[in-house]
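Reader: I am new to this structure and would like to learn how to read it. Please show me, feature by feature.

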Amino acid sequence: MTLRFASRNGRAHLVLGPDNRLVDLETASGGKFSSEPIDAFRRWKELREFAATLPADSGESCDVNGLDAPSPWPTQVFGIGLNYRSHAEESGLPIPGSPLTFTKYTSSVAHGNADIPLVGSSIDWEVELVVVIAEGGRDIAPENAWDHVAGMAVGQDISDRALQFASQPPQFSLGKSRKNYSPFGPWLIDAVDVPQRDALHMTCTLNGETVQDTSTDDLIFSVSDIISYLSGIVQLLPGDVIYTGTPGGVGVSRQPPVFLKPGDVLVSSIDGIGTTTNHCVAG
Ligand code: ZN
């Protein structure tokens with residue numbers, strides 16, 4: 001059984017069965033695990049063992065739209081820019097020599113299906129593979145990096161392009177941190193159970209039309225590279241979130257540019273990981 005992890009009302013849950021039933025972790029474990037999602041990330045290997053002992057028919061039915069982001073209050077949220085050749089080329093920018101890293105402030109984190117309030121007229125989509133850190137650490141070698149990942153989800157690095165490029169040199173972080181601009185979910189899939197986790201098919205549709213379509217093996221810096229690079233500089237902490245970069249096909253690079261409008265619907269999907277739907281609303 002693949003471990004799937006969700007948060008609801010700030011409490012850690014496991015997701016079971018094809019009908020996605022929710023089990024409250026603290027209750028089901030008799031207090032062995034606390035209700036805090038961060039406790040689960042810190043003890044992810046133990047959690048994996050515990051999850052395997054749960055009866056397959058336990059849990060209650062789940063309203064996906066009632067979930068939080070799987071890691072609802074991460075200490076750090078990293079974004080990696082220009083990490084697909086197709087996106088660097090459409091942006092007219094050189095391929096970075098090291099992971100181009102910015103932060104998405106924690107208050108922008110939202111559940112996978114959150115509505116996107118549009119502020120201004122240059123709000124853009126970026127579908128991304130999102131990974132959440134289990135046990136963190138410093139100086140993690142690339143060959144050990146996946147051991148530090150709890151799970152994977154699909155997310156959107158929603159970007160206010162005017163704000164992102166408002167200063168020279170540009171400082172990306174605020175433009176990627178408005179309310180609900182970091183939705184991911186609907187839950188985490190335990191990375192250890194994902195076959196070919198470095199080559200996942202990822203798509204984004206806008207109002208039913210495919211706008212982004214890639215394999216994550218086109219990443220310039222892989223998940224392992226990113227974790228190794230970041231942990232050589234900062235300490236990675238349980239529950240930290242990494243947005244690993246978006247492929248070509250964003251709105252700002254189109255001729256003419258296309259930006260999100262109220263009523264637009266974004267559907268983001270990674271095969272074997274999950275699908276999220278975001279409705280755009282007036283800001
Ligand atoms: Zn991005």
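**Reading the features**

Author: Begin with a sheet: 5 strands make an open sheet with mixed pairing, in the order 7-17-16-13-14. The model is predicted, so local features need pLDDT of at least 70 and side-chain atom pairs count only at pLDDT 80 or more, while totals for chains, interfaces and linings use all residues. Residues are numbered from 1 along each chain as its sequence is written, and side-chain values use heavy atoms, with hydrogens and water left out.

Reader: What counts as a strand, and what counts as pairing?

Author: Strands (E, at least two residues) and helices (H or I, at least four) are DSSP runs, numbered from the N terminus. Two strands pair if DSSP finds at least two bridges between them. Strands of a sheet pair through backbone hydrogen bonds, either parallel or antiparallel. Here, strand 16 (residues 265-270) and strand 17 (residues 274-282) are antiparallel, with 6 bridges. Val267 has Thr277 of strand 17 as its bridge partner.

Reader: Which strands stand at the edges of the sheet?

Author: Strand 7 (116-118) and strand 14 (209-215) do; each has a single partner strand, so one side of each has no neighbour in the sheet. From one strand to the next, the twist averages 20°; axes are lines fitted to C-alpha atoms, for helices over the stretch in contact, and angles run from 0 to 180 degrees between N-to-C directions.

Reader: How many disulfides are there?

Author: A disulfide is a pair of cysteine sulfur atoms within 2.5 Å. By this rule the count is 0. Cys204 is in no disulfide, and the nearest cysteine sulfur, that of Cys280, is 9.8 Å away.

Reader: Is Cys204 buried or exposed?

Author: Buried means under 20% relative accessible area, exposed over 50%, and partly exposed in between (1.4 Å probe, protein chains only). Cys204 has 0% relative accessibility, so it counts as buried. Cys280 is buried too, at 4%.

Reader: How should I read a pocket, and which residues lie nearest the centre of the largest pocket?

Author: The search uses a 1 Å grid over the protein atoms alone: a cavity is a set of points where a 1.4 Å probe fits but cannot get out, and a pocket is an open set with protein on both sides within 12 Å along at least five of seven lines; lining residues have an atom within 4 Å of a point. The largest pocket has 19 lining residues, with His87, Ser91, Arg161, Gln164 and Phe165 nearest its centre. Strand 4 (77-81) and helix 5 (161-164) each supply at least two residues of this lining.

Reader: What about the second largest pocket?

Author: Its lining has 15 residues, and Trp44, Lys45, Arg48, Asp147 and Val149 lie nearest its centre. Helix 3 supplies the largest share of that lining, 3 residues.
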